[in-house]
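Please open the structure in the viewer and keep the selection tool at hand.

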Amino acid sequence: MERILRFDDVSVTRGKKKILHHINWQVNQNENWAILGLNGAGKTTMLKMIHGDLWPTTGQLEVLGGVFGHTNIPELKTKIGWVSNALQDQLHTGDPVDLIVLSGKFASIGIYQEFSQSELDEARQILIDMGGQKLLGKKYAVLSQGERQLVLIARAMMAHPKLLILDEPCNGLDLFAREELLSRVARIAEMPNRPALLLVSHYTEELLPCFNHVLLLRSGQVIKKGARKQVLTADSLSDFYEKPIQTVTIDGNRLAVYPK
Ligand SMILES: Nc1ncnc2c1ncn2[C@@H]1O[C@H](COP(=O)(O)OP(=O)(O)OP(=O)(O)O)[C@@H](O)[C@H]1O
């Protein structure tokens, strides 16, 4: 089984603050993981490391077969799709959506190189496959938040990534836009040659069944990790949040959590 990533006793310290403590975690191909954690748990720090933007202070990190310190990080980045709100702020929002999607092929924010009609056609097709046909011809700046997230996912898929990172993709989406986006993500999970998915979320109900593994992160420490049905239980979530909670099961396989 091909390994997507491995954290081997990874810690991150900034100044006097220990942000991540002795993380041990392995993701294999055919696994889709969700990381759940409250604000400040260290989720973004973990994602930044996986994307090669931050290095462990101690421990060893391997991503897509490359061990940090011995691997070419810019090359690694071309194999990772990255969807986050931080990216939205950097985009050239006056560009038409097909060019935004195409830029994913070059792992660049805008497009500075020549491109062929077939590359542009591929970008448009990926957006259509993601359900974004009606967005063609529009500028990114005029899109709703849900439509923007769709474009960002299409952009990430343009590079045919081996790993697709979704950092709180449902932020700012209404109830229906959120379901629409999540169902698109679930479809990616069923594609041939699909990337491994890694979702960061605050909400358990966003973890569709395709997220077959879950990691619970609290104050920089892994509290529990493993198969969805072992981790997404009322008991383990109650331990994790350290507060009384109530859970509601939706569609037999999705779990919503509320404070009691
Ligand atoms: N460069 C830094 N220097 C000092 N502290 C930092 C630095 N980067 C992050 N932190 C701290 O580390 C902790 C974890 O931050 P991180 O952004 O990874 O959390 P998070 O789980 O993504 O939170 P959120 O859900 O709010 O986005 C926070 O307390 C944050 O203030």
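Select strand S9 (residues 213–218) and strand S10 (residues 221–227), which pair in the antiparallel sense over six bridges. Helices (H or I, at least four residues) and strands (E, at least two) are DSSP runs, numbered from the N terminus, and two strands pair if DSSP finds at least two bridges between them. Strands of a sheet pair through backbone hydrogen bonds, either parallel or antiparallel. Within this pair, leucine 216 stands opposite lysine 224 in S10. S9 and S10 form a hairpin with two residues between them, and serine 219 in the turn has a positive phi of about 45°.

This is a predicted model, in which local features need pLDDT of at least 70 and side-chain atom pairs count only at pLDDT 80 or more, while totals for chains, interfaces and linings use all residues. Residues are numbered from 1 along each chain as its sequence is written.

Next, select the open sheet of four strands, whose order is S2-S1-S4-S5 with antiparallel pairing. Strand S2 (17–28) and strand S5 (66–67) stand at the edges; each has a single partner strand, so one side of each is left without a neighbour in the sheet. Strand S1 (residues 3–14) pairs with S2 in the antiparallel sense over eight bridges. Here valine 10 stands opposite isoleucine 23 in S2.

Now move to the loop between S2 and strand S3 (33–37), where glutamine 29 lies. Is glutamine 29 buried, partly exposed or exposed? It counts as partly exposed because it has 13 C-beta neighbours inside 10 Å; a residue is buried if 20 or more other C-beta atoms lie within 10 Å of its own, exposed if 12 or fewer, and partly exposed in between, with C-beta atoms placed from the backbone. Select arginine 194 as well: its C-alpha atom and that of glutamine 29 are separated by 9.8 Å, although the two residues are 165 residues apart along the chain.

Then select the ligand and its shell, which includes Arg14, Lys17, Gly40, Lys43 and Thr44. H1 gives the most to this shell, with three residues, and S2 and H1 each supply at least two.

Finally, display the whole chain, which has nine helices and twelve strands. The C-alpha atoms fill a box of roughly 55 × 45 × 35 Å, taken along the principal axes. Buried residues make up 35% of the 260 residues in the chain.

How values were computed
A residue is near a molecule or strand if its C-beta atom, placed from the backbone, lies within 6 Å of it.
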